[in-house]
Structure formats: C-alpha cells, structure tokens
Amino acid sequence: MNTVLFVCEHGAAKSIIAATHFNKLASEKNLDLRAIARGTNPDAELSSNTVAGLQADGLTPTESIPQKLSLADVESSQRVVAFCELPEEYRSKTVIEQWDGVPPVSEDYEKARDAIVERIHRLIVEEKGKA
C-alpha cells in the first residue's frame, strides 16, 4: 500500500482532516493508497473542532494523537502534501506539494474541510489516472 503524507504545523487539524477524508475517498475509489497525518511541531492532542467536525461528518480521525513528522515518513511516502513550511532536511528529500490558503480550522471547520476536500478530489483524480 502506498502512502500519502499530509503535514501541518501542529498535526492536530488540517493534516488530520485531509488524511481522514483522503482515506475515505481513496477506499471508495478502490485506490491502493492510504494517508497519514503528521505535524512539524505537534500539539499534545487533536483539535476539539477537528474531532467534533469529523464525527459530525461520520468519520473517525486517522490518528488518536498528533504524531511528529520524521524523515522516515517523508522517505516512505509516495506523495507529501504540506499545509505549512517544512524544514530544509525534509524539503531536500522529496517534492512537496504546498496547500496554502486553507482557512484555520479553529475559526470555521466547514470552510477548512471544504477547501481541503476539494483539493483531495483533484489529488484522487490525478492518482486514479496513474493507476
């Protein structure tokens, strides 16, 4: 199974939403891909807005607590998508797709989710084209 890595600063909101929704959609499309979420500076726990929003969407977060990004995560992933700037040691290892302009989850879960899911749909179309 190939991995798509989503990274945000705290590993508690945007990357969790992205990985959770990606896994649902990839499964529905029978893609041999699985997403994981990581943070460059992880919080101690997932954002309560994220957990509540995903539960309202009928989903369970991919991670139970934010996980710190590692070099192994980057090197073993087929694709890396970042919502924040990654440290140089990661940028030099692979191509990183930057997803800027996603609204803060703390201000509006639905707006953030919709922006993320719209991009995930495009990513899945690209991946399905490769399959």
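**Cysteines, sheet and cores**

Modeller: The disulfide count comes to 0, a disulfide being a pair of cysteine sulfur atoms within 2.5 Å. This is a predicted model, where local features need pLDDT of at least 70 and side-chain atom pairs count only at pLDDT 80 or more, while totals for chains, interfaces and linings use all residues. Residues are numbered from 1 along each chain as its sequence is written, and side-chain values use heavy atoms, with hydrogens and water left out.

Biologist: Is Cys-8 buried or exposed?

Modeller: Cys-8 is buried, at 6% relative accessible area. Cys-84 also counts as buried, at 14%. Buried means under 20% relative accessible area, exposed over 50%, and partly exposed in between, with a 1.4 Å probe and protein chains only.

Biologist: Now the sheet. What is the strand order?

Modeller: The order is β2-β1-β3-β4, in an open sheet of 4 strands with parallel pairing. β2 (33–39) and β4 (96–98) each have a single partner strand, so one side of each has no neighbour in the sheet. Strands (E, at least two residues) and helices (H or I, at least four) are DSSP runs numbered from the N terminus, and two strands pair if DSSP finds at least two bridges between them.

Biologist: How many bridges join β1 and β3?

Modeller: β1 (residues 2–8) and β3 (residues 79–82) pair over 4 bridges, in the parallel sense. Val-7 has Ala-82 in β3 as its bridge partner.

Biologist: Which strands does helix α1 touch?

Modeller: Helix α1 (residues 14–28) packs on the sheet against β1 and β2, and its direction makes about 175° with that of β2. Contact means heavy atoms within 4.5 Å. Angles run from 0 to 180 degrees between N-to-C directions, with axes fitted to C-alpha atoms, for helices over the stretch in contact. Helix α5 (residues 109–130) lies across β1, β2, β3 and β4, at about 170° to β3.

Biologist: How many residues are in the largest nonpolar core?

Modeller: It has 30 residues, and those with the most contacts inside it include Phe-6, Phe-83 and Trp-99. A nonpolar core is a set of buried Ala, Val, Leu, Ile, Met, Phe, Trp, Tyr and Cys residues joined through side-chain atoms within 4.5 Å. β1, α1, β2 and α5 each supply at least two residues of this core. Another core, of 10 residues, lies apart from it, and Leu-5 and Tyr-90 are among its members.
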